[in-house]
Amino acid sequence: MGMGERNDLSNATIAPRRPIRLTRRRLLAGAVGGLAALVGGGAYATEVEPFWLDVHDNPIAIGNLPRSFEGFRIAHLSDLHASDIVPIAFLQRAIARVNAESPDAIVVTGDFVTHDLDRVDPVCDVLAALRAPVYACLGNHDYSDVDPHETGPAFIADALTARLAADGHQLLRNRAVA
């Protein structure tokens, strides 16, 4: 069609769509394809994505910031969840990656462990390798005590508090620091 010509479909006929006949082969192919997508997605979600270390450099403009803080770099770690699912070897890789970025300060925001008092020392051993001042706060999993042999409402949180303080990290638990 050239310019100015009109596409007139008023007399066009549309052929009826032929119904798709469901056969056993099509049903099995669809089921196998769906199962493959489910297994592949599950494998990605549990074996790839959780262990994918990603670094984002986000410059932030702050008005009236003292010159001494120009170029100041802060690394943020969150949701370490040391557990059977998140092995200490992965956390060691993450800490090495943070150290390679040479931050001026590091903040660790919660969920050091997932319901396991036995993971407190190993995760703190890993954090001891950080080469910048560390400021931390606890997360909900750090308060989720499920060990029936322990007493008290926050034995994991208390153990983390004691160990992080012993390692020289600033734990912000009901307090602030300048």
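Visitor: Which residues does valine 108 touch, not counting residues up to four places away in sequence?

Guide: Contact means heavy atoms within 4.5 Å. With residues up to four places away in sequence left out, valine 108 touches Leu77, Leu80, Leu127, Val134, Tyr135, Ala136 and Cys137. Please note that this is a predicted model, in which local features need pLDDT of at least 70 and side-chain atom pairs count only at pLDDT 80 or more, whereas totals for chains, interfaces and linings use all residues. Residues are numbered from 1 along each chain as its sequence is written, and side-chain values use heavy atoms, with hydrogens and water left out.

Visitor: What is the mean pLDDT of the chain, and where is confidence lowest and highest?

Guide: pLDDT is the predictor's confidence in each residue, from 0 to 100. The chain has a mean pLDDT of 83, and 80% of its residues reach 70 or more. Confidence is lowest in helix H1 (residues 24–48), with a mean of 71, and highest in strand E3 (residues 134–137), at 97.

Visitor: How many helices and strands does the chain have?

Guide: Helices (H or I, at least four residues) and strands (E, at least two) are DSSP runs, numbered from the N terminus. The chain has four helices and four strands, and along the sequence they follow the pattern α-β-α-β-α-β-α-β.

Visitor: Which residues have the most contacts inside the largest nonpolar core?

Guide: In soluble globular proteins, nonpolar side chains tend to be buried together. A nonpolar core is a set of buried Ala, Val, Leu, Ile, Met, Phe, Trp, Tyr and Cys residues joined through side-chain atoms within 4.5 Å. Here the largest one has 31 residues, and Ile106, Val108, Phe112 and Val123 have the most contacts inside it. Strand E1 (74–78), helix H2 (88–100), strand E2 (105–109), helix H3 (120–127), E3 and H4 each supply at least two residues of this core.

Visitor: Is cysteine 124 buried or exposed?

Guide: Buried means under 20% relative accessible area, exposed over 50%, and partly exposed in between (1.4 Å probe, protein chains only). Cysteine 124 counts as buried because its relative accessible area is 0%. Cysteine 137, at 27%, is partly exposed.

Visitor: Where does histidine 169 lie, and what is it in contact with?

Guide: Histidine 169 lies in the loop between helix H4 (155–166) and strand E4 (170–171). Histidine 169 has 10% relative accessibility and therefore counts as buried. Apart from neighbours within four places in sequence, histidine 169 is in contact with Leu127, Ala128, Val134 and Leu164.
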